[in-house]
Each structure stands twice: as C-alpha cells, then as structure tokens.
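Let's take a look at this protein together.

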Amino acid sequence: MSRPHALHARRFAVHRWLMPLCLATVLSACAPTPVRNPIAQWVPSPNYDARRPVLIVIHFTNEHSASQALHTLRTANSGGPVSAHYLVGDDGHIYQLVADSERAWHAGAGHWGTITDVNSASIGIELDNDGDSPFTQVQIDSLLHLLADLTDRLRIPRTQIIGHEDLAPGRKDDPGPRFPWQQLAQAGFGLWPQGPLVDPPPGFDPWAALGLIGYPLDNRTATVHSFHHHFRGMDAGINGDALDGQDLRILYALSRQLGAGGGITGVPAG
Ligand SMILES: [Zn+2]
C-alpha cells in the first residue's frame, strides 16, 4: 500500500469513528427532544408543521443608522436584549435577523385584541429611522415589497398590520405620526377607513369601536394618542388626546368595515 493510500486509510478509519459522533451532534442540535407534558401520555403524530404568525408589527429603530440598529438588535444591551425579524434601511436594503418561524423579541408588553403574547403571534419589522425624520420613499417601497412577500407566503391577512404604539399605547411611540399608513392602505395593507366618512348615529360607542379594532383600553388617553398617530398622522387639526368629530367618523367607518356597525351602535350598518 503506497503512503497516500495509507493516509487515506487512516483518515477513513478516523471518519468511521467521528461520523457517528458528528451525526449525533448534528441531530441533537437540529432535532431537540420534543418538550413533552409530563401529565399526558406521549403518542406522537407526524401530522404537523411550524406555527405561523398572524400579525405584522412595524417599528422605527429610533437610531441614526442601519448599522447602529443592527448592533442593537444583535447584541445584549443594557436595557435587555431585543431583536426583530427584519430591518429595512433608509436606503431600502432589507436585512433578516430572525427566521419567520422563530419568536423575535420586538413587541414586549402589550396586547392587540385577544392576542396577549404579541411576540409569539407576529413578525416584527424595524425601519431605520431616528423618530423625527420622514421615512424615505425607497424604504417604504421595500417595506411594501416585504409586506407582499410575508402576507402571501405566511398567509397573514393584509389587514393585520399594526404599529408598535398601537399594541402598547403610552409605553411606545413608534412608528409615529410620520409613518405613511394611508400609502400602505392604498397598496392594500393595514386597516384604513374606506369611502366618504359620515357622522355616526346617536349612541355610537367610540371606545367599543377602538376595542373592536384591537386597541388596549386600560389607558384611554394613551390609546387616543396612538390612534391619532395612526389615523390622523401630522394632521394639524388634532387637539390634544381627546376624540373629536373626525375621529368618530373614522371609528364609525372602521367598525362598519369590521362588520360590527350595528353591533356597537344599535343601528344596522347600511
Ligand atoms: Zn418598537
């Protein structure tokens, strides 16, 4: 046997020892033992796949560059580790940091409708923005491209797109009043009042409408603040954090679109 053959034979012998070890390591890394409930008998079924999110939450990074935000989203910070599934730079570049099937740490405390653990149920998208500057059009174009991909591929309803401040009024202020929700709506994403706005009938309950949309109601002033950011934007007509006539018209339109105009007014939705 020539020397090269001897070397090859030794390598093969080593491989014969190492391969089962590697295989075991790979298997244990890729397929952890399922978490079994000790109070039940384990009778596994092959008929399942990964759970899918049902909501998309939009944020701004409140930082000055995408690289600064990437550092924050990929390290342990003094305020605790945070992440998101995606970051869209102000130049339109799309980064993915966490797989769609995994639970990124972007929403924190808060709730939306009956969703009480928003991180478990959602995809988080961070937009590279300092909180005071307008969003760039190329960034919004990339966001629309990403929203089309996510809603198609993960079958998330296109209306199920909200801002961080919507689920956490008073605690969060992003994506703020500069975020172009109306432009998203024109592209078919998010909830937005349709058609001419009309005054609601007597007895219309705006708080029931806000709750129906999904808003938390534990701090009503904070909820109106978040609602104004989302549906009135930089509208100069907004006076403080009280609901005005235009808010009521918007809420009435939204409640009718959600099919509950009659349910919260006592008047059938026409
Ligand atoms: Zn946020």
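This is a predicted model: local features need pLDDT of at least 70, side-chain atom pairs count only at pLDDT 80 or more; totals for chains, interfaces and linings use all residues.

Residues are numbered from 1 along each chain as its sequence is written, and side-chain values use heavy atoms, with hydrogens and water left out.

**The zinc site**
- H59 (ND1), H164 (ND1) and D174 (OD) are the protein donors of the zinc ion, at 2.1 to 2.2 Å (donors are N, O and S atoms within 2.8 Å of the metal, or 3.2 Å for Na, K and Ca; water is not among the atoms, so sites may look incomplete).
- Along the sequence, the donor spacing reads H-x104-H-x9-D.
- H164 counts as buried at 4% relative accessibility (buried means under 20% relative accessible area, exposed over 50%, partly exposed in between, with a 1.4 Å probe and protein chains only).
- D174 is buried too, at 6%.

**Aromatic pairs**
- The whole structure has seven aromatic pairs (ring centres of Phe, Tyr and Trp, using the six-membered ring of Trp, within 6.5 Å; planes under 30 degrees apart are stacked, over 60 edge-to-face, the rest tilted).
- W112 and Y215 pair edge-to-face, 5.1 Å centre to centre with 70 degrees between the planes.
- W112, W192, Y215, F227 and F231 form one aromatic cluster.

**A buried threonine**
- T223 is buried, with a relative accessible area of 0%.
- Beyond its neighbours within four places in sequence, T223 is in contact with P169, L210, Y215, P216 and L217 (contact means heavy atoms within 4.5 Å).
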